[in-house]
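Reader: I would like to go through the terms used for this model one at a time. Please set each value against its cut-off.

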Amino acid sequence: FLLSLVSAQTETKYYIYQEKVLVDYYFDSVSNLELRIPYDVDESDLNINLEYEFESLEGHNLVKINSAENLSIKYVTESMINKAKKGYYFTSKNYLNESQNVKLVLPESALLVEGGLVFPEPDSITSDGRSLILKWDNYEEGQIVINYEFVKDKSFIGDRKSVV
């Protein structure tokens, strides 16, 4: 897929909520952009701040933009989340073929599976107090795969007995 010119500032953010992902792309400027998006995203599901063309193809869709400054593309998809025996897998393919900054926000109370797949290794893992946040700077790999699970409700205090 063609991506003629993407500016130095390209950001992709993924916010996972239950079994859906909000995908948020930001480009300083582009020309002749053809961005592949998941098959389960209809044109009515797109939030794009500028004029674009939408093409539905077999197995995926395509957003085409001739030229743009401060371009924002957002959509929600279920196709990036897979449930397995060992939790959930988030998988994102890099169709941009350009360096970008990537941020992934896991759902609240989700943790990385111990010994599970985290590829490629993020540049940083932080938290906002509720969710884990993984970041890749100048990301150019083919895909991101993250294995996570939800924390079971546990009482850290234990059973209390009344004291009279």
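Author: Buried means under 20% relative accessible area, exposed means over 50%, and partly exposed is in between, with a 1.4 Å probe and protein chains only. The model is predicted, so local features need pLDDT of at least 70 and side-chain atom pairs count only at pLDDT 80 or more, while totals for chains, interfaces and linings use all residues. Residues are numbered from 1 along each chain as its sequence is written, and side-chain values use heavy atoms, with hydrogens and water left out.

Reader: Why is Tyr-25 called buried?

Author: Its relative accessible area is 5%, and the limit is under 20%. Tyr-25 is therefore buried. Tyr-75 has 2% and is buried too.

Reader: Why is the pair of Tyr-25 and Tyr-75 called tilted?

Author: A pair of aromatic rings is described by the distance of the centres and the angle of the planes. Rings of Phe, Tyr and Trp (its six-membered ring) pair if their centres lie within 6.5 Å; planes under 30 degrees apart count as stacked, over 60 as edge-to-face and the rest as tilted. For Tyr-25 and Tyr-75 the centres are 6.5 Å apart and the planes are at 40°, so the pair is tilted. Tyr-25 is in strand S3 and Tyr-75 in strand S6, 50 residues apart. Strands (E, at least two residues) are DSSP runs, numbered from the N terminus. The structure holds six aromatic pairs, and ring pairs link Tyr-25, Phe-27 and Tyr-75 into a cluster.

Reader: What makes Lys-83 lie over the face of Tyr-88?

Author: A charge sits over a ring if NZ of Lys or CZ of Arg is within 6 Å of the ring centre and within 35 degrees of the ring normal. Lys-83 is at 4.8 Å from the ring centre of Tyr-88 and lies over its face.

Reader: What makes a set of residues a nonpolar core, and which residues have the most contacts inside the largest one?

Author: A nonpolar core is a set of buried Ala, Val, Leu, Ile, Met, Phe, Trp, Tyr and Cys residues joined through side-chain atoms within 4.5 Å. The largest has 35 residues, and Ile-73 and Phe-90 have the most contacts inside it. Elements giving two or more residues to this core include strands S2 (10–17), S6 (60–77) and S8 (87–93). The largest share, eight residues, comes from S3. Contact means heavy atoms within 4.5 Å; leaving out residues up to four places away in sequence, Phe-90 touches, among others, Tyr-14, Met-80, Leu-104 and Tyr-148.

Reader: How do you know that Asn-32 is partly exposed, whereas Thr-10 is buried?

Author: Asn-32, in strand S3, has 40% relative accessibility and counts as partly exposed. Thr-10, in strand S2, has 2% and counts as buried.

Reader: What makes a space a cavity or a pocket?

Author: On a 1 Å grid over the protein atoms alone, a cavity is a set of points where a 1.4 Å probe fits but cannot get out, whereas a pocket is an open set with protein on both sides within 12 Å along at least five of seven lines; lining residues have an atom within 4 Å of a point. The structure holds one cavity of 30 Å³ or more. About 40 Å³ of space lies in the largest cavity, and its lining includes Tyr-25, Ser-92 and Tyr-139. The largest pocket holds about 280 Å³ of space. A volume is the space filled by probe spheres set on the grid points, which are joined across faces, edges and corners. S3 gives the most to the pocket lining, with four residues.
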